[in-house]
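Reader: I would like a close look at one part of this model. Please go on from there to the rest of the chain.

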Amino acid sequence: MPLLIVALGVALLLVLMVGFKLEGFISLVLVAIVVGLLNGLTLSDVVNSVEEGIGGQLGHLALIIGFGAMLGKLMADCGAAQRIAMTLTAKFGEKRLQWAILITAFVLGVTLFFEIGFILLIPIVFTIVSRMKVNLMYIGLPMAVALSTTHSFLPPHPGPAAVASVFGASMGKTLLLGLVIAIPSAIIAGIFFSKTKLIRGMNPSIPEGLYNTKEFTEEEMPSFGVSLFTALVPIVLMAVLAVAEMAMPQDSGAFKMIAFFGESGIALLISVLIAIYTFGIARGRKMKDIMGSVGSSMKSIATIMFVIGGGGAFKQVLVDSGVADYIKDIMTGLDISPLILAWIIAAVLRLALGSATVTVMTASGIVLPLLGMSGANPELMVLATTSGSVIFSHVNDPGFWMYKEYFNLSLLDAIKSRSVYTTILAVCGLLGVLALNAVMQ
């Protein structure tokens, strides 16, 4: 019954947004309330879940999206994004632009969360699209796929790292085996899928307010070195923290200092302050003009923030109403390979709950007893679980709404592209796990 209610909730959301053209945030909150009540939550519990979901989601993302949007707008308004885009275009050529953005996003995505990498790379994507007059999905989809792949398959991302800890798997081995699966998966979903008629038939426009259409002269743009340095500051700070977490005692004063500056929100704040100088003051811009760019970036993300918060409300209602426990009871009695079972459990939880982090932690708890009894490889168990957790991202996933809004897609086009490419990644992940298991036995 709980799964039927979730399905009805998703159907209601489609009716509200597609049929009645109701705004996304309103639709998500209404559906969250209906699903919560049908699943047995009291009126007060529903309100608490909605508030906790919105607060929890935006509490994590507000600094990232806010400072990331400021950095992106400063890059766009001074020509830094154009400089990076021109350099990539010159080095790789138009025919290999997809490979350029896929490789760039994959390398950066090893250390960056999906949301952070997305926010940092989106102004470069917009600039390439505008300059080269190519379809936004032609460049944007490979970027999104690469970030989704690294976020789902590779430690030190929270999902794979948390499951590796639960299963007692080696982080290093999980990373190496994950790369073996992640690289071909990203190519299949990011390059080959993006060339299909389904994707080529979509032609969204760049959202207003997120991109400066001005064409800068050579003299107006900062150098490639300055542009790249400023953009890479948060990445370097977070990468240093990732290394420190594996190599340093976490109660030391040095680690606490690194942890502060490497926290995603603080790292992005530092990069914004540096950008105010490198992209503003050092270029002769007045502070009033610089703050004009900062202010306009905040206005442009208001709708995006609310929609993502609405997705968080929907997700939290599903968690609080016991959908995860219901699925756990169904799956526990199945007699099947632990690798396949881990993938199936994670996939079903993902479809019902939306949150990949909640999915992998719940799935790992269900599958853990089978690990000791079956003797399955713990690193492959991690990858089977995380592969299942990426399947068919849809309306109960806050990341789905970030993707939809920044790519300015209709709800149906977002499902056709985001939901399908995440399913391709999930299936490729499972096939890769089974192939590695056959080789390693």
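Where is Lys 21 found?

Author: Lys 21 is found in the loop between α1 (2-19) and α2 (24-38). Helices here are DSSP runs of H or I with at least four residues, strands are E runs of at least two, and numbering starts from the N terminus. This is a predicted model, in which local features need pLDDT of at least 70 and side-chain atom pairs count only at pLDDT 80 or more, while totals for chains, interfaces and linings use all residues. Residues are numbered from 1 along each chain as its sequence is written, and side-chain values use heavy atoms, with hydrogens and water left out.

Lys 21 has a phi near 60°, a positive value in a residue other than glycine. Most residues other than glycine have a negative phi. Lys 21 counts as exposed because its relative accessible area is 66%; the cut-offs are over 50% for exposed, under 20% for buried and partly exposed in between, with a 1.4 Å probe and protein chains only.

Phe 392 also has a positive phi, of about 40°. Its place is the loop between α19 (378-388) and α20 (398-406). At 33% relative accessible area, Phe 392 is partly exposed.

Asp 397 and Arg 418 form a salt bridge, with 3.1 Å between the closest N and O atoms (a Lys or Arg side-chain nitrogen within 4 Å of an Asp or Glu carboxyl oxygen). Arg 418 lies in helix α21 (residues 411-440) and Asp 397 in the loop between α19 and α20, so the pair ties together parts that are 21 residues apart in sequence. Both ends count as buried: Asp 397 at 7% relative accessibility, Arg 418 at 5%. Arg 350 joins Asp 397 and Arg 418 in a network of salt bridges.

The count comes to 5 salt bridges. Another of them links Arg 83 and Glu 218, at 2.7 Å between the closest N and O atoms. Arg 83 sits in helix α4 (residues 80-92) and Glu 218 in the loop between α10 (197-200) and α11 (224-247), so this bridge ties together parts that are 135 residues apart in sequence. Arg 83 is buried at 12% relative accessibility. Glu 218, at 46%, is partly exposed. Glu 405 and Lys 404 meet in a salt bridge too (3.1 Å, N to O). Both are buried.

Now the rings. The whole structure has 8 aromatic pairs (ring centres of Phe, Tyr or the six-membered ring of Trp within 6.5 Å; planes under 30 degrees apart are stacked, over 60 edge-to-face, the rest tilted). Phe 114 and Phe 118 have ring centres 5.6 Å apart and planes at 40°, so their pair is tilted. They are 4 residues apart in helix α6 (residues 114-132), about one helical turn. Tyr 403 and Phe 407 pair edge-to-face, with 5.0 Å between centres and 85° between planes. Tyr 403 is buried at 0% relative accessibility. Phe 407 is buried at 0% as well. Ring pairs join Phe 114, Phe 118, Tyr 403, Tyr 406, Phe 407 and Tyr 421 into a cluster.

Last, the chain as a whole. The protein chain has 21 helices and 0 strands. Its C-alpha atoms fill a box of roughly 70 × 50 × 50 Å along the principal axes. Of the 441 residues, 55% count as buried.
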